[in-house]
Amino acid sequence: MDATDHAILDALMGDAKVPLADLGKRLSIAPSTVFKRIERLKQEGVIERFTISVNPEFFPRRLVSFLSIKVDLDAADDLILFLRGKQTVREVFEVLEPNDYLVKVVTADTSELKTDLIHPLTAFPGVREVNTILAVRKIKEQTYVG
């Protein structure tokens, strides 16, 4: 990837619907070149998919929480399956210390958080610890780091 590829990714992260002609003009390259580079980035797996960003204020689930989970090694696969099946779970990361997994969750309120995740997780075989952090304000969110 060169500087032009990074510039294309930066532009698409800001607005994935930017017209290729506008992007080409901004980068001083032909729109057909922009198209070919985007297609190559898709084929190489750099671009996984195009998606939208929605304003959470229009939806009931907007309480962001992070769960730090410690689990016995032999129960990890079952835990991952459980988390993958939960609609309220947005992201799951395997981490190093102090626990094993960091889970980003979006729920309507703390009651849903407890009912849907915390209570089932604390009763889940092999789960040794669940710590919850409630987010009060999003300062920055960025998925692409070039």
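Is Glu97 buried or exposed? Glu97 is exposed, with a relative accessible area of 66%; here exposed means over 50% relative accessible area, buried under 20%, and partly exposed in between, using a 1.4 Å probe and protein chains only. Before we go on, a word on the model: it is predicted, so local features need pLDDT of at least 70 and side-chain atom pairs count only at pLDDT 80 or more, while totals for chains, interfaces and linings use all residues. Residues are numbered from 1 along each chain as its sequence is written, and side-chain values use heavy atoms, with hydrogens and water left out.

Let's stay with Glu97 for a moment. This residue lies in the loop between β2 and β3, where strands (E, at least two residues) and helices (H or I, at least four) are DSSP runs numbered from the N terminus. Most residues other than glycine have a negative phi, and most peptide bonds are trans. Phi of Glu97, however, is positive, near 40°, and the peptide bond from Glu97 to Pro98 is cis, with omega near 0°. Ser28 is another non-glycine residue with a positive phi, of about 60°. You will find Ser28 in the loop between α2 (20–27) and α3 (31–43), and at 68% relative accessibility it counts as exposed.

Val64 has Val106 of β3 as its bridge partner, and Phe93 has Leu102.

Next comes α1, a helix of 12 residues. Its buried residues are Asp5, Ile8, Leu9, Ala11 and Leu12. They cover an arc of only 165° around the axis, which puts them on the same side of α1; the arc is that of the directions from the helix axis to the C-beta atoms. The exposed residues Ala3 and Gly14 sit on the face turned away from that buried side.

Where do these elements come together? α1 (3–14), β1 (63–71), β2 (89–94) and β3 (101–107) each supply at least two residues of the lining of the largest pocket.

Note on methods:
Pairing = 2+ DSSP bridges. Expected span 1.5 Å × (residues − 1).
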